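Dear colleague,

I am writing to hand over the structure shown below.

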Amino acid sequence: MRIFVAGHRGMVGQALAGQLRELGHEVVCRQRCELDLLDQRAVGRFFSEEQIDQVYLAAAKVGGIHANTSYPAQFIYENLMIAANVTHQAFLAGIRRILFLGSSCIYPRLAGQPIHEEYLLDGRLEPTNEPYAIAKIAGLKLCESYNRQYGESHGVDYRSVMPTNLYGPGDNYHPENSHVVPALIRRFHQAKLDDAPSVQIWGSGRVRREFLYVDDMAQGCIAVMNLPRAAYELQTDPMRSHINLGTGEDVSISELAELIRDVVGYRGDIRYDPAKPEGTPRKLLDVSRAAAIGWKARVPLAEGLRRTYSAYQASTRLTEEIEHV
């Protein structure tokens with residue numbers, strides 16, 4: 001089977017492409033210089049020429065609180081265009097299977113905990129990432145709408161998963177635009193090298209987050225994509241066609257910071273800045289529907305952080321070697 005993984009260079013796309021290849025599929029990938037997903041005509045040509053059987057739509061403009069608040073126009077525009085171009089052009093090319101990857105930020109800021117799939121559009125979004133969330137909601141609704149209009153007539157079966165906060169090898173460690181896990185790994189690692197007395201973290205440390213190791217997420221995506229249609233429809237309905245992927249457990253940011261400090265081996269203090277934004281108070285997903293299809297996250301947070309830091313150390317050593325050549 002020829003499968004297009006959109007966003008193969010990102011952490012999520014790398015994990016998906018690797019596991020799909022292990023399963024014996026032919027994985028088709030394109031770098032942005034080869035295929036700009038913001039260009040509708042280019043996407044159309046790609047699908048008309050490549051004879052793709054399935055699409056995993058993992059491409060997105062992503063980032064943490066700082067990036068979302070600094071570039072709201074780019075976050076909503078680019079993510080809307082990626083979702084619209086890939087979905088519509090895949091449909092025109094006769095591709096019947098797409099898996100769209102959303103984000104837990106699609107849910108209301110003060111959603112009941114744990115967050116069930118039905119809570120979508122049931123309240124106001126978190127302001128710090130509202131543009132990104134709206135784009136992801138639109139992508140999900142695109143898939144739903146194409147199913148409703150073209151499911152019977154064209155055999156369209158477009159599915160969506162909503163993963164919780166992801167982390168793992170291949171993450172983005174940008175000093176300003178990264179998510180919380182890579183940001184803290186970078187910060188503690190540098191503080192250890194510099195023998196800094198303390199590390200400062202945005203917010204109070206009391207907000208809670210759920211974290212899913214990227215390889216577990218990839219397995220969940222493949223499981224959802226390959227479910228028989230009847231089994232998928234047992235867990236969804238035409239106006240709520242997504243499935244949450246998470247661990248069903250969360251930690252406070254202060255607990256996460258302590259774990260990462262231990263993994264890195266930093267011995268200094270942790271200081272919090274409550275004047276800085278910290279986002280939604282809590283985001284814990286209900287994962288009962290994922291469990292009902294036989295999927296469960298397997299990598300504990302502490303183990304996942306150790307693997308992630310090991311990969312980060314390897315990447316920094318490689319960078320240093322290249323710079324000294």
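In what follows, two residues are said to touch, or to be in contact, when they have heavy atoms within 4.5 Å. Please note that this is a predicted model, in which local features need pLDDT of at least 70 and side-chain atom pairs count only at pLDDT 80 or more, while totals for chains, interfaces and linings use all residues. Residues are numbered from 1 along each chain as its sequence is written, and side-chain values use heavy atoms, with hydrogens and water left out.

Cys221 is placed in helix H7 (residues 214-225); helices (H or I, at least four residues) and strands (E, at least two) are DSSP runs, numbered from the N terminus. With a relative accessibility of 0%, Cys221 counts as buried; buried means under 20% relative accessible area, exposed means over 50%, and partly exposed lies in between (1.4 Å probe, protein chains only). Apart from residues up to four places away in sequence, Cys221 touches Leu16, Tyr56, Leu99, Leu101, Val161 and Leu245. Between Cys221 and Ile137 there are 84 residues of sequence separation and 18 Å in space, C-alpha to C-alpha.

Leu140 belongs to helix H5 and is likewise buried, at 0% relative accessibility. Its contacts, leaving aside neighbours within four places in sequence, are Phe100, Ile106, Leu120, Ser160, Met162 and His242. Of these, His242 is 102 residues from Leu140 in sequence, yet the two are 7.5 Å apart in space, C-alpha to C-alpha.

The nonpolar cores

A nonpolar core is here a set of buried Ala, Val, Leu, Ile, Met, Phe, Trp, Tyr and Cys residues joined through side-chain atoms within 4.5 Å. The largest one has 42 residues, and those touching the most other members are Phe4, Leu37, Phe47, Ile52 and Val55. Two or more residues come from each of strand S1 (2-6), helix H2 (40-50), strand S3 (54-57), H4, strand S4 (97-101), H5 and strand S5 (157-163). A second, separate core holds 32 residues, among them Val27, Leu99, Ile222 and Tyr232. As background, nonpolar side chains tend to be buried together in soluble globular proteins.

Helix packing

Helix H4 (residues 72-92) and helix H5 (residues 130-154) have axes that come within 8 Å and cross at roughly 15°. Axes are lines fitted to C-alpha atoms, for helices over the stretch in contact, and angles run from 0 to 180 degrees between N-to-C directions. H4 and H5 are therefore roughly parallel to each other; angles under 35 degrees count as roughly parallel, over 145 as roughly antiparallel, 65 to 115 as roughly perpendicular and the rest as oblique. The residues of this contact include Phe75, Leu80 and Phe91 of H4 and Tyr132, Leu142 and Tyr150 of H5. By type, the contact of H4 with H5 comprises 15 nonpolar, five polar and no charged residues. For this count, Ala, Val, Leu, Ile, Met, Phe, Trp, Tyr, Cys and Pro are nonpolar, Asp, Glu, Lys and Arg are charged, and the others, Gly among them, are polar.

The axes of H2 and H4 come within 9 Å and cross at roughly 40°, so H2 and H4 are oblique to each other. Their contact is formed by Gln40, Val43, Gly44 and Phe47 of H2 with Asn85, Val86, Gln89 and Ala90 of H4. These residues divide into four nonpolar, four polar and no charged.

Loops and backbone

His8 sits in the loop between S1 and helix H1 (11-22) and is buried, with a relative accessible area of 18%. Beyond residues up to four places away in sequence, His8 touches Gly13, Gln14, Cys29, Arg30 and Gln31.

Most residues other than glycine have a negative phi, and most peptide bonds are trans. Gln113 and Pro114, however, are joined by a cis peptide bond with omega about -5°; Pro114 is in the loop between S4 and H5. Leu121, also in the loop between S4 and H5, has a positive phi near 65° and counts as exposed at 57% relative accessibility. Asp195 has a positive phi near 55°. Asp195 lies in the loop between helix H6 (180-194) and strand S7 (198-202) and is exposed, with a relative accessible area of 69%.

Yours sincerely
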